[in-house]
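This report walks through the strand arrangement of one protein model and then looks at selected residues.

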Amino acid sequence: KNFLPRNVSIFGTVGSGKSNTTQMLIEEATMAGWAVVVIDVEGEYVRMNEPNDRGDMNSILKTNFNLDPIGIADFQTFVPSSGDSEAASPIRFKVPISQLDISVIADIKEFSEPQFRMFERVVEEAQRRNTSTTGTSNRLGSLGTGTSTTTQPYTLQHLVNVLNDQTFITSLANTERGTASTLRNKLISFGRSGMLDWNANNGIPYLPVESLLVSGRLSVLDVSETDDSSRNIAIAYILQCLFDKVIETPIGENIPGTSTQRPKVLVVIEEVHTFVSRQSVSKMRAVLDNLQTISRRGRKRWMSLALVSQQPGHVPDELFELANTRFIHQLKSASNLAPVKQSTGGVHEALWTNVPALGPGQCLLTGSVFKNPIFVNVRPARSKRLLTS
């Protein structure tokens, strides 16, 4: 409890062992009964159900740690409906746009103020039409069931339909019609990603959130072939849904509607600087505020975040504040080392001089659970990782 719930960051340049440390942390957490969810932006972790097949790593694993390679038994991989994956049996999924805060959507799609106001009107109109058609507006009742027939107050297709409706368009002022057209194009680009709910993927189920919350289970969301904004929508949705479940159900109690006890939860976000960057902070305030709330309130309820980046120079200051435990691998660039150094307390200046010279798998480990920062050798992963570089 003194370690993971305080949130973790893992920093390191390419080849420093950053991804291996992430993999090791995933393995240890699942063995300890945590439910682990990984946002995999490179498709690296989709074969962790298989044992490590690298002879050099397995030799170190056996000689230095007396461990054998082994895959994670309880494992599942999800992929957006239009994406592809190196996983053996990926499960395709989509996300309900109605469950996302409209301010978060506006941040991620970079809506202008007029586009945001238009989006609010379109959402209200879509919800009104859908309610009058179905006779109900079931907002949260069937989230996470994994069915494609789940009733939502509106879908992405409903929003596009409103913007295609000439009756709605002619009701707008002339100055608003250009805004509506731009908004329509942005929403259609969302649909083409296959991440959200519109007609092209009617047969694809919504992401079954409850299935992520199983003790000892690793769930990997392979978004390696998804555009940035759609991937960020998936991250925002998963964080919010898991946080809602954690708030709703105390640790060890059954998740409503299931016979499964709510486990401790670890969410790993690879290359977190592509989700919220230092450069985009002013445009992503709603996303960042949401992430900070989830981090601070979630850690008290056994929901931890692991924020991974090879470019800490692009990570906003606000995210450094969230991660109390840090695995700092080799960082040679001054622009990447400086923000880590400035935001990490209790490390003597002499220790920082060693960070640019660290070898693969070596890192400086800091955190409130340790009296002093320590240099460690991270064991090789026991499970398989696909090398992408």
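## Cysteines

Cys241 is buried, at a relative accessible area of 9%. Cys363 is buried as well, with a value of 0%. The structure, which is a predicted model, contains zero disulfides.

## The sheet as a whole

Ten strands form an open sheet with mixed pairing, in the order β4-β3-β5-β2-β6-β7-β1-β8-β9-β10. The edges are taken by β4 and β10 (374-377); each has a single partner strand, so one side of each is left without a neighbour in the sheet. On average, neighbouring strands of this sheet are turned by 20° against each other, direction ignored.

Helix α8, made up of residues 228-248, packs on the sheet. The strands that α8 touches are β2 (35-40), β5 (218-222), β6 (265-269) and β7, and the direction of the helix makes about 170° with that of β6.

How many residues of β5 are buried? Five of its five residues are, so the strand is mostly covered. In a regular strand, side chains alternate between the two faces of the sheet. In β5 both faces are covered: Leu218, Val220 and Asp222 lie on one side, Ser219 and Leu221 on the other, and all of them are buried.

β5 pairs in the parallel sense with β2 over five bridges, and Val36 stands opposite Leu218 of β5. β3 also runs parallel to β5, the two being joined by four bridges. Here the bridge partner of Phe75 is again Leu218 in β5.

Strand β1 (residues 8-11) pairs with strand β7 (residues 303-309) in the parallel sense, over four bridges. Within this pair, Ile10 stands opposite Val308 of β7. β1 is also joined to β8 by four bridges, and these two strands run parallel; Val8 stands opposite Thr325 in β8.

Strand β8 covers residues 325-328. Thr325 and Phe327 point one way from β8, Arg326 and Ile328 point the other way, and all are buried. With strand β9 (residues 362-366), β8 pairs in the antiparallel sense over three bridges. Arg326 has Thr366 as its bridge partner in β9.

## Two loop residues

Where does Ser81 lie? Ser81 is in the loop between β3 (75-80) and β4 (91-93). Its relative accessible area is 19%; because the cut-off for buried is under 20%, Ser81 counts as buried. The side chain of Ser81 makes a polar contact with the side chain of Asn201, at 3.3 Å. Apart from neighbours within four places in sequence, Ser81 is in contact with Arg92, Phe93, Gly194, Asn201 and Ile204.

Val223 is located in the loop between β5 and α8. Is Val223 buried or exposed? With a relative accessibility of 2%, Val223 counts as buried. Not counting residues up to four places away in sequence, Val223 touches Ile39, Asp40, Val41, Pro80, Met195 and Arg231. Val223 and Asp84 are 139 residues apart in sequence, while their C-alpha atoms are 8.6 Å apart in space.

Methods:
Residues numbered from 1 in each chain as written. Predicted model: local features only at pLDDT ≥ 70, side-chain atom pairs only at ≥ 80, totals over all residues. Heavy atoms only, no water. Disulfide = S-S within 2.5 Å. Buried < 20%, exposed > 50% of the residue type's maximum accessible area, 1.4 Å probe, protein only. Polar contact = N/O pair within 3.5 Å; in protein donor to acceptor, adjacent residues only side chain to side chain. Contact = heavy atoms within 4.5 Å. Pairing = 2+ DSSP bridges. Axes fitted to C-alpha atoms, helices over the stretch in contact; angles between N-to-C directions.
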